Amino acid sequence: MTTPPPALLIAGHGTRDEAGAEAFRDFVRELGRRHPELPVAGGFIELSPPPLGEAVTELVERGVRRFAAVPLMLVSAGHAKGDIPAALSREKERHPGISYTYGRPLGPHPALLKVLERRLAEALGGSGDPSGVTVLLVGRGSSDPDANAEVFKAARLLWEGRGYAGVETAFVSLAAPDVPSGLDRCLRLGARRIVVLPYFLFTGILPDRVRHQTEDWAAAHPEVEVRSADVIGPEPELLDLVMERYEEAVKGDLRMNCDSCVYRIALPGFEDKVGRPQQPHFHPDDDGHHHDGHHHGHAHSHAH
């Protein structure tokens, strides 16, 4: 008898925005439709139903004993480094006999850079020479310097060879520069046409905040043309990339880069994080998790 392939478990951030949460759930359903040979389920670490534990239970009830978990996240921050591995360890205790491998975040993959380039073209409406356009790539922002550095890496890769005047970087939460400061920097560098490009997979409260902050700044600077691009969205490239990360996890070919991870290396200002024990992230909808406080110290488990 042929051994069935491991199931696919998609792990998401979670959002208070129902449209964003539904976009994730739609994405998981579409992956399942595209791969009928594969049990597929998805859940969130926080804020949105279903919790990750419920998704694991769904797979177990379908007879799954092996699965590969892929974080549906652009950068490797606290969720990908600590919360998801902790949650998966907890699920292994809840469901004796299951085994799993853990994939890596999506990262600045060339396929996603292609989608970002498409979003820029849509925002510009096909008008003008890219050499006159400055892009402000806006990431989520994290207390993890390694995660913030990955957004800068994505910005550099987006700039390379595409002919834009420049690609600058900003963040919408937890990290500097914020969106207005990033736009100020573009202006000081001589930008007269700016496209603000959200480095987010789906719609949500934070991408909406990016757009609103951009509109406020543009209203105060009528001498500059400022446009807002859309989020990445459930594009075919994203669906294919998730399957690529799944295949890596199944084969054990993970190649995660931990050279600048605060949980392994003492970076200035983050020395206390090295070796910190991990705790599962509290999800209010996860009935199986009895919680006596909020764990916000994201610890680190390298399951690779």
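I started at Pro177, which sits in the loop between strand 6 (166–171) and helix 6. This is a predicted model, so I'm reading computed geometry here. The peptide bond joining Ala176 and Pro177 is cis, with omega about -5 degrees. I then looked at Leu174, which lies in that loop between strand 6 and helix 6 as well. Leu174 isn't a glycine, yet its phi is positive, about 65 degrees. I looked up its accessibility too: Leu174 is exposed, with 70% relative accessible area. I flagged both spots because most residues other than glycine have a negative phi, and most peptide bonds are trans.

**Loop between strand 2 and helix 2**

Next I went to Pro50, in the loop between strand 2 (40–44) and helix 2 (52–61). I found a cis peptide bond joining Pro49 and Pro50, with omega about 0 degrees. Leu47 is in the loop between strand 2 and helix 2 too. Its phi is positive, near 75 degrees, and Leu47 is a residue other than glycine. Is Leu47 buried, exposed or partly exposed? I get a relative accessible area of 33%, so I put Leu47 down as partly exposed.

**Helix 6 against helix 7**

Back to helix 6 (residues 179–188), to see how it packs on helix 7 (residues 205–220). Their axes come within 9 Å and cross at roughly 45 degrees. So I've noted helix 6 as oblique to helix 7. The crossing of the two helices is right-handed. Which residues of helix 6 meet helix 7? I listed Val179, Pro180, Leu183, Asp184 and Leu187 on the helix 6 side. From helix 7, Val210, Gln213, Thr214 and Trp217 meet them. Sorted by class, this contact between helix 6 and helix 7 has six nonpolar residues, two polar and one charged.

**Aromatic pairs**

Last, I searched the whole structure for aromatic pairs and got four. I took a look at one of them, Phe67 with Tyr100: the ring centres are 5.6 Å apart and the planes are at 15 degrees, so I call the pair stacked. Stacked needs planes under 30 degrees apart. Where do the two residues sit in the chain? Phe67 is in strand 3 (residues 66–71) and Tyr100 in strand 4 (residues 99–102). I checked the accessibility of both partners. Phe67 is buried at 4% relative accessible area, while Tyr100 counts as partly exposed at 22%.

Key
Residues are numbered from 1 along each chain as its sequence is written. This is a predicted model: local features need pLDDT of at least 70, side-chain atom pairs count only at pLDDT 80 or more; totals for chains, interfaces and linings use all residues. Side-chain values use heavy atoms; hydrogens and water are left out. Rings of Phe, Tyr and Trp (its six-membered ring) pair if their centres lie within 6.5 Å; planes under 30 degrees apart count as stacked, over 60 as edge-to-face and the rest as tilted. Helices (H or I, at least four residues) and strands (E, at least two) are DSSP runs, numbered from the N terminus. Buried means under 20% relative accessible area, exposed over 50%, partly exposed in between (1.4 Å probe, protein chains only). Axes are lines fitted to C-alpha atoms, for helices over the stretch in contact, and angles run from 0 to 180 degrees between N-to-C directions. Angles under 35 degrees count as roughly parallel, over 145 as roughly antiparallel, 65 to 115 as roughly perpendicular and the rest as oblique. A crossing is left-handed if the near helix is turned anticlockwise from the far one by less than a right angle, and right-handed if clockwise. Contact means heavy atoms within 4.5 Å. Ala, Val, Leu, Ile, Met, Phe, Trp, Tyr, Cys and Pro count as nonpolar, Asp, Glu, Lys and Arg as charged, and the others, Gly among them, as polar.
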